[in-house]
Amino acid sequence: MLLKTKIPLSYVFGKIKWEIIFVFIYASIIALEDRFLHIMEVSLPLSVPMVLGTILSLLLAFKSNQAYDRWWEARIAWGAIVNDSRSLIRQVLCFTEPPYDSSDARTWVQRLTNRQIAWTYSVGMSLRKQMDLDKIRRYLTPEEVDFVAKHDNVPNALLLLHGQDLRYALREGWLNPYQQVEMEGILTKLTDSMGRCERIKNTVFPATYTLYIHFCLFFFVMLLPFALLEVFGVLEVLMVVAISSAFFLIEKMAIHLQDPFECKPTDTPMTAIAQTIETNLKQMIGEKPPVRVPVPEEGTFYVL
């Protein structure tokens, strides 16, 4: 995600540079033809592109709202993952306090905590289609790595190991049945949050809707120079570029927000959230969290 708050204009308009170049060349050709060549006499009333622009504005507003809803739902799901991860480890610590404070119980708490940290990282990698077990190997035992390697859905396999550990703790007497049921409820919430993210990832925004809006936008841009010639003359080139840029930027913003798990700067910051969870959970069990320094990419933004 973008960490810097001051985003330069070169980055913003760099996303629509080819569209701006096309509009500038097209509007310039229309202006030069009207001033020097006079091959054709085409004049449109300003009301024509105004009506089309109004319709286009409504379509873009609807698309932007829908895209933002997808992005915001993804952020809500990851907020729930943060809360449920903290709740899970807090219950693990509180339920296994003395008289169950044995070395085996402490090892069990540490193993479950590290596995929960691995789960948060694995969810992010799974959503981005970049699953790499080497990145979470240090949080798992060799047996656990071998177990999850056999599953297509690594986060789901880790939750299965969580459930097996709760059953083991119940058998050892570290948990009573009511405590196990309570903790199983948190595992269910984690599964629900993961499922919500997978639904957003796998539900593609309708391509036809995007295509139709894009077609209407270019049709609007191609009509606009003819309507502005009589009012602004040659300066219509600048007016067309300015008006078109506003529409193109809104369209591009919606396209970026509609897919929050695609390794874009506007993505949900899953890795940063997972690092926050790791810091919190490590401190809860009395371990020192790792110190990380964001690495700048391309000298402009930090991308996590």
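The legends below describe close-up views of a predicted model.

**View 1. The largest nonpolar core of the predicted model.** This core comprises 47 residues, and W78, L88, W108, W119, I136, L158 and F261 have the most contacts inside it. At least two core residues are supplied by each of α3 (47-95), α4 (103-127), α5 (142-148), α6 (154-172), α7 (177-202) and α10 (270-284). Helix α4 provides the largest share, 11 residues. Leaving aside residues up to four places away in sequence, L88 touches L112, Q116, H162, M183, I186, L187 and L190. Another core, of 20 residues, lies apart from this one and includes I20, L217, V221 and F247.

**View 2. The packing of helix α4 with helix α10.** The two helix axes, those of α4 and α10, come within 9 Å and cross at roughly 180°. Helices α4 and α10 are therefore roughly antiparallel to each other. From α4, the contact involves T113, N114, Q116, I117, T120, Y121, G124 and L127. From α10, the contact involves M270, T271, A274, Q275, I277, E278, L281 and K282. Seven residues of this contact are nonpolar, seven are polar and two are charged.

**View 3. The surroundings of E236.** E236 belongs to helix α9, which spans residues 236-257. Its relative accessible area is 0%, so E236 is buried. Not counting residues up to four places away in sequence, E236 touches A27, I30, A31, P225, L228 and L229.

View 4. Side chains of opposite charge can pair when their charged atoms come close. The whole structure holds 10 salt bridges. In one of these, D259 pairs with R70, with 3.4 Å between the closest N and O atoms. D259 is in the loop between α9 and α10, whereas R70 is in helix α3, 189 residues apart. R70 counts as buried because its relative accessibility is 13%, under the 20% limit. A further salt bridge joins E73 to R199, where the closest N and O atoms are 2.3 Å apart. E73 lies in helix α3 and R199 in helix α7, so this pair ties together parts that are 126 residues apart in sequence. R199 counts as partly exposed, at 42% relative accessibility.

View 5. R115 and D165 form a salt bridge in which the closest N and O atoms are 2.8 Å apart. This pair links helix α4, which holds R115, with helix α6, which holds D165, 50 residues apart. R115 is buried, with a relative accessible area of 1%, and D165 is also buried, at 9%. A network of salt bridges links R111, R115, E144 and D165.

Conventions:
Residues are numbered from 1 along each chain as its sequence is written. This is a predicted model: local features need pLDDT of at least 70, side-chain atom pairs count only at pLDDT 80 or more; totals for chains, interfaces and linings use all residues. Side-chain values use heavy atoms; hydrogens and water are left out. A nonpolar core is a set of buried Ala, Val, Leu, Ile, Met, Phe, Trp, Tyr and Cys residues joined through side-chain atoms within 4.5 Å. Buried means under 20% relative accessible area, exposed over 50%, partly exposed in between (1.4 Å probe, protein chains only). Helices (H or I, at least four residues) and strands (E, at least two) are DSSP runs, numbered from the N terminus. Contact means heavy atoms within 4.5 Å. Axes are lines fitted to C-alpha atoms, for helices over the stretch in contact, and angles run from 0 to 180 degrees between N-to-C directions. Angles under 35 degrees count as roughly parallel, over 145 as roughly antiparallel, 65 to 115 as roughly perpendicular and the rest as oblique. Ala, Val, Leu, Ile, Met, Phe, Trp, Tyr, Cys and Pro count as nonpolar, Asp, Glu, Lys and Arg as charged, and the others, Gly among them, as polar. A salt bridge is a side-chain nitrogen of Lys or Arg within 4 Å of a carboxyl oxygen of Asp or Glu.
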